[in-house]
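This report describes the ligand site and the pockets of one protein model. The sequence and structure are shown first, and the site is then treated by topic.

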Amino acid sequence: MQPMELPAVQPTVLTGIQPSGVPTLGNYLGFFKPALSFQATHRAYYFIVDHHAITARQAPADLLANTREVAAWYLAAGLNPENPNNPATLFVQSHVRAHVELGWILNTFTQMGELERMTQYKDKSVQHAQNINVGLFGYPVLQAADILLYNATDVPVGDDQKQHVELCRDIALRFNHHYGTSTFHVPKHTIPPHGARVRDLQDPTKKMSKSRPGLGCVLLTDTPEEVEKKFKRAVTDSDTGPDAIRYAPEEKPGVANLLEIIAGCRDQTPQQAAVQLHGQQYGALKAEAAAAVNAMLQPLQAAQQGWLQNTQKLDDVLRRGAAQAEPVANATLARVKAAMGYLPPL
Ligand code: TRP
């Protein structure tokens, strides 16, 4: 049998997000924005992981609506499938069947013990104690398939996903080693260049998350009034001195979080934001954060609504995206099966 070799690998970025609920300000500054910045330098694949979302029960109408809504956030945030020099690809995971097929194959290269150690699995098993399904357990294997199908070199994801990307690397190396091939390109986990780590406004020791809704969590759909209210109530500290506003994440997590948010919205560093507000009171800091967020959110919301009002155009982007992704994914799958000795379709 002819061994099928990995094509020369060009810088390729790939990342995904679940279509579950409205994304948060943390998702925008920590995920969408930094992930999309790779479009300038990389062949780029962005997708919506509906197969991952169903590991927690989804109402059908919500899954359907959320899939288009997340696609619209990607596009509103600057994903550009029309760039003539380097069009980015946006697609829905379930539209490319090779994900599930490679996921199945990689199940046999993944040990139970490895998956039992995944912290996201452990956390979610506590959150969804009545539905610890096999899909939830195998979630990181499907994620490994997602990454490996496109020969990704860079996978920008948050810290909470680092363990999954490391597992993906282990699986890829194990496979290549077992068959003595270079079937898979082994990717790296990339901490995005300017990824802000946005914390909960009420508890700045925790990551901002839609699983903790309320005053501490700013949603991308929030009105200007909601944004102002949430920042007004943000937790800071009791420091009232002239030096209260400075960037010191360990010592002053609440203040640091507000500075990171301002900086993220304005493409500055948090230190620069601190210099501009130095000597002022926390009331001014909170008002500035709300203003920075609202100035960013308003055009973003308008652009997202624009896409949602034209679902035909949106679906067209997704259809073309899947058509671009599919041959790349299928070529990898064919390489995998050839390496393993599967009889090709007759
Ligand atoms: N598990 C990721 C998350 O929860 C989403 C995801 C699925 C992903 N497949 C991926 C991210 C592949 C990067 C690459 O956010």
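## Location of the ligand

A pocket is an open set of points on a 1 Å grid over the protein atoms alone, reached by a 1.4 Å probe, with protein on both sides within 12 Å along at least five of seven lines. The model is predicted: local features need pLDDT of at least 70 and side-chain atom pairs pLDDT 80 or more, while totals for chains, interfaces and linings use all residues. Residues are numbered from 1 along each chain as its sequence is written, and side-chain values use heavy atoms, leaving out hydrogens and water.

## Ligand shell and polar contacts

There are 13 residues around the ligand, of which V49, Y139, Q143, D146 and Q161 come nearest; a residue counts as near if one of its heavy atoms lies within 4 Å. By class, the shell holds seven nonpolar, five polar and one charged residue, with Tyr counted as nonpolar and Gly as polar.

For Q143, an N or O atom of the side chain is 3.0 Å from a ligand nitrogen atom. The protein covers 91% of the 370 Å² of accessible area that the ligand has on its own (Shrake-Rupley method, 1.4 Å probe).

The largest pocket has a volume of about 1,600 Å³, taken as the space filled by probe spheres set on the grid points. Its lining (residues with an atom within 4 Å of a point) comprises 50 residues, with N27, Q120, D160, Q161 and K207 closest to the centre. The lining divides into 17 nonpolar, 21 polar and 12 charged residues. α6 (119-127) contributes the most, with five residues.

## Second largest pocket

The second largest pocket has a volume of about 420 Å³. It is lined by 20 residues, and N107, V134, G135, G138 and Y139 lie nearest its centre. The largest share of this lining, seven residues, comes from α7. The lining has 10 nonpolar, 10 polar and no charged residues.

Note on methods
A polar contact is a pair of N or O atoms within 3.5 Å; within protein, one must be able to donate a hydrogen and the other to accept it, and residues adjacent in sequence count only if both atoms are side-chain atoms. Helices (H or I, at least four residues) and strands (E, at least two) are DSSP runs, numbered from the N terminus.
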